[in-house]
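Subject: Handover of a structure and its findings

Dear colleague,

Please find the structure handed over to you below, for your own work. I would be grateful if you read the notes that come after it alongside the coordinates.

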Amino acid sequence: MLIILAFIILFHLTSAILLFVATIHNAWWVVSPPGREVIYSDLWYTCNSTCYIVENSHSTEAVYLQAVQATIILATILCCVSFFVFMLQLFSIQQGERFIFTAAIQLLASLCVMISASIYTAESKNFHADSLKDGSYGSSYIVAWVSFPMTLISGFMYLVLRKRK
């Protein structure tokens, strides 16, 4: 039982770390113009040697970008909260009960990651200036999509898991 518990905790922490990396790292969109340095763009800044705020990120036309920002941050927060709730439930629920509350929070985090990455996929060409539209998805975008099934699986593991002695 201790091995299963350690695996679940490591799996949850790995998904939380992936969410932090996807949120913080600046490689959601990568542009490699010929003869110039690579330009990285995340949800807030566009950077090469210097960083600039993503154009139109604070206007009313950037509702989709703001939705991506909000849902990926919410997913990261929910993933961390579900870990702390799991630790609390681990010591407070009765033997044989399920970790339903932890599972619900983790599944909400998974839903937020999916919404965030899906909106970014559908609207990524509208977020960037015309000079950056010829780019491709970066590593943070891929990490966000990888963290989606990990948080989903983690949520389902908490649904199935029962507290044992």
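The notes below describe the chain as a whole, then its pocket and surface patch, and then several individual residues.

Please bear in mind that this is a predicted model.

Overall architecture

The chain is built from 4 helices and 5 strands. In sequence order, these elements follow the pattern α-β-β-β-β-α-α-β-α. The C-alpha trace extends over about 60 × 30 × 20 Å along its principal axes. Of the 165 residues in the chain, 46% count as buried.

The largest pocket

The volume of the largest pocket is about 270 Å³. Its lining comprises 18 residues, and those nearest the centre of the pocket are I39, T46, A129, S131 and L132. By class, the lining residues divide into 10 nonpolar, 5 polar and 3 charged. Strands β3 (45–47) and β4 (51–53) each contribute at least two residues to this lining.

Strand β2 covers residues 39–41, and Y40 lies in it. Y40 counts as partly exposed because its relative accessibility is 36%, a value between the cut-offs of 20% and 50%. Y40 and I4 are 36 residues apart in sequence, and their C-alpha atoms are 39 Å apart in space.

On the surface, L108, L111, M114 and I115 form a nonpolar patch, and together they have about 300 Å² of accessible area. One of these residues, M114, is placed in helix α3, which runs over residues 100–127. With a relative accessibility of 30%, M114 counts as partly exposed.

Helix α3 also holds F101. This residue is partly exposed, since its relative accessible area is 49%. The C-alpha atoms of F101 and L159 are separated by 8.8 Å, although the two residues are 58 residues apart along the chain.

Which residue of helix α4 deserves a note here? T151 is found in this helix, which spans residues 139–160. T151 counts as buried because its relative accessibility is 0%, and the cut-off for buried is under 20%.

F83 has its place in helix α2, residues 63–92. Its relative accessibility is 15%, and F83 therefore counts as buried. F83 and I17 are 66 residues apart in sequence and 12 Å apart in space, C-alpha to C-alpha.

In brief

The individual residues include the buried T151 and F83, together with the partly exposed Y40 and F101.

With kind regards

Key. Residues are numbered from 1 along each chain as its sequence is written. This is a predicted model: local features need pLDDT of at least 70, side-chain atom pairs count only at pLDDT 80 or more; totals for chains, interfaces and linings use all residues. Side-chain values use heavy atoms; hydrogens and water are left out. On a 1 Å grid over the protein atoms alone, a cavity is a set of points where a 1.4 Å probe fits but cannot get out, and a pocket is an open set with protein on both sides within 12 Å along at least five of seven lines; lining residues have an atom within 4 Å of a point. Grid points are joined across faces, edges and corners, and a volume is the space filled by probe spheres set on the points. Ala, Val, Leu, Ile, Met, Phe, Trp, Tyr, Cys and Pro count as nonpolar, Asp, Glu, Lys and Arg as charged, and the others, Gly among them, as polar. Patches are made of residues with over 30% relative accessible area and no salt bridge: like charges are joined within 9 Å, nonpolar side chains (Val, Leu, Ile, Met, Phe, Trp, Tyr) within 5 Å. Accessible areas come from the Shrake-Rupley method with a 1.4 Å probe; for residues, only the protein chains shown count as cover. A salt bridge is a side-chain nitrogen of Lys or Arg within 4 Å of a carboxyl oxygen of Asp or Glu. Buried means under 20% relative accessible area, exposed over 50%, partly exposed in between (1.4 Å probe, protein chains only).
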